[in-house]
Structures are given as C-alpha cells and as structure tokens.
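Below are my notes on the model, as numbered points. Please read them beside the sequence and the coordinates.

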Amino acid sequence: MKADYPPRGMRDTSGQVVGMEIDMARDVARRLGVDLELVTVLSSNRMQFLQQGRIDLMIATMSVNDERRAAVGVVEPLYYASGVAIMARNGSGITGLRDLQGRRICALQGAYYNREVAEKFVKGELIAFKGVTEAEQALLTGQCEGFVYDDVIHVYKKAADPAKWAGYSVVLVPEIAPLPWGIAVRTEDRDGPWGRFMSEVIVDWHRSGTLLELERKWLGANTPWLMAKHEELKGR
C-alpha cells in the first residue's frame, strides 16, 4: 500500500495508514479469513517488493503499461484510472505542458509519464523525488515551479487543504491520456489460484458498486471511468 497518496493511502493523525485502497485490502483479508499485514511502498520500489516476495499483493495506485505487465502479474480487470496534472505556482505562467520547456519541474520517481514530459516538453531533466511529501516541499519552497503528477491526488490535495495551496492551481494535462490502474501479484501467481481469486474479487467490487461506494467515501464523488466500469460489469 501507499501512505503518501491521499485519499488512496495516507496516514491519519494517529499515524495509522488509511484510505480507499486500505479499505480494499481489508476486504480481501476478510474474504480470505486472514489477518492483514499492511506494508507501505513507494512508486520507486513497489514492483521490487512484489518481485522479491516481501509482499503478496500490491494495491498501490500503479498505472498499467506493457513494461509493468512484463515485470509483475497485473490482475484483470483493472480497478481504477487517473490522468495527469501540474500543480503550478500562480504567476509562474504555467498553463499547460507547452509552458514547461526549460523550467524546474518536480516529479515522482517511477511515474509512467516522466520520460514523455521530460523529453517532449521540459526538454531536460525532471527533479524527481521518491515521495510525494518531498516533491510538494520542493514546490512550496520554490525549488520547483510545478509538480507533474496524477490528477487525482492534485485535485484532492487542493480541495482538502485550500489554505496550503492557495497560491497554486491544478493544471490538467489532456495531452497525456488517462491510464487505468492495476492490482498486482507475483508474475508466477497471476494465472494460478491467487491471481484468479483476486480477479473474481475485482469483478465483484465493480459489479456490486463497492468501488463506487469507497470512492464516494474517500473522494466525495465518482469518476467517469469507474462509473463506466460498473455499468460494463454489473451484469456479469
């Protein structure tokens, strides 16, 4: 799980990890009749933790592409989706990707769109951090002029703490198509009992509206992709 990606995974005031994906993990444990052990990961190490056997299941905001499918056992169907946005300082002149050339732009290590943003738009290196907290701090202290990351987290942060982000705007990036997120097991488990079990769970989550309920609980509204997936699978 992630602990730096609200409202999917974050620490509450007592230090406990909570969020939509934690609720999903608890439901998996309930279905299995086992105790749940939460292991926090980062974008930069989540696949390695799975490959090394340090975790059995990854529910950690991982967007899916061919490279990641080759590295871990992505379970079908996919469970969520997000696009890309820039948290930009007001007055920076950043209104879209076309304004990033030569700018100091923060990013998170392991994000699938980093290479495209760096090569096509910044035309230089991104300032990449391991965790969201570090990237946000770099933005707030002026080390970066913008922070390129998933639209879901930027929109949530702006709404959840308007005072902190009063001097910043969320700039959506429609040029980069949204990518669905996948839950993953070890590659060797994908087509076995564990992978098949998780596939059935995800189908049930979509079909029953469980993911819609959890999204409303944690985000306050439902996203079009998730609503469409519910309609697709509710009769399955």
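1. With 236 residues, a compact globule would have a radius of gyration near 18 Å, and the protein agrees with this because its own value is 18 Å. The radius is taken over C-alpha atoms, and the globule rule is 2.2 Å times the number of residues to the power 0.38. Along its principal axes the C-alpha trace spans about 50 × 35 × 35 Å.

2. The model is predicted: local features need pLDDT of at least 70, side-chain atom pairs count only at pLDDT 80 or more, and totals for chains, interfaces and linings use all residues. Residues are numbered from 1 along each chain as its sequence is written, and side-chain values use heavy atoms, with hydrogens and water left out.

3. The secondary structure consists of nine helices and 12 strands. These are DSSP runs numbered from the N terminus, with helices being H or I of at least four residues and strands being E of at least two. Of the contacts in the protein with a separation of 6 or more, 66% are between residues 24 or more positions apart; a contact means heavy atoms within 4.5 Å.

4. Buried residues account for 52% of the 236 residues. Buried means under 20% relative accessible area, exposed over 50%, and partly exposed in between, with a 1.4 Å probe and protein chains only. The accessible surface comes to about 11000 Å², and carbon and sulfur atoms hold 49% of it; areas are from the Shrake-Rupley method with a 1.4 Å probe, and for residues only the protein chains shown count as cover.

5. There are 30 positive and 31 negative side chains, and the centres of the two sets lie 2 Å apart. Lys and Arg count as positive, Asp and Glu as negative, while His and the chain ends are not counted. Each charge is placed at NZ of Lys, CZ of Arg, CG of Asp or CD of Glu.

6. The largest nonpolar core has 61 residues, and Met24, Tyr79, Ile86, Leu100, Val117 and Ile183 have the most contacts inside it. Helix H1 (residues 20–32) gives this core its largest share, five residues. A second, separate core has 13 residues, including Met47, Val72, Val74 and Ala184. A nonpolar core here is a set of buried Ala, Val, Leu, Ile, Met, Phe, Trp, Tyr and Cys residues joined through side-chain atoms within 4.5 Å. Not counting residues up to four places away in sequence, Ile86 touches Ile94, Leu97, Phe147 and Val171, among others.

7. Two cis peptide bonds deserve a check. One joins Pro6 and Pro7, with omega about 0 degrees; Pro7 is in the loop between strand S1 (4–5) and strand S2 (9–11). Another runs from Glu76 to Pro77, with omega near 0 degrees, and Pro77 lies in the loop between strand S4 (73–74) and strand S5 (80–82).

8. Most residues other than glycine have a negative phi, and most peptide bonds are trans. Thr61, not a glycine, has a positive phi of about 55 degrees. Thr61 sits in the loop between helix H2 (46–51) and helix H3 (66–71). Is Thr61 buried or exposed? Thr61 is buried, because its relative accessible area is 4%. Leaving aside neighbours within four places in sequence, its contacts include Lys2, Tyr5, Arg8, Tyr79 and Trp181.

9. Lys123 also has a positive phi of about 55 degrees and is not a glycine. Lys123 is in the loop between helix H4 (114–122) and strand S8 (127–129), and is exposed, with a relative accessible area of 53%.
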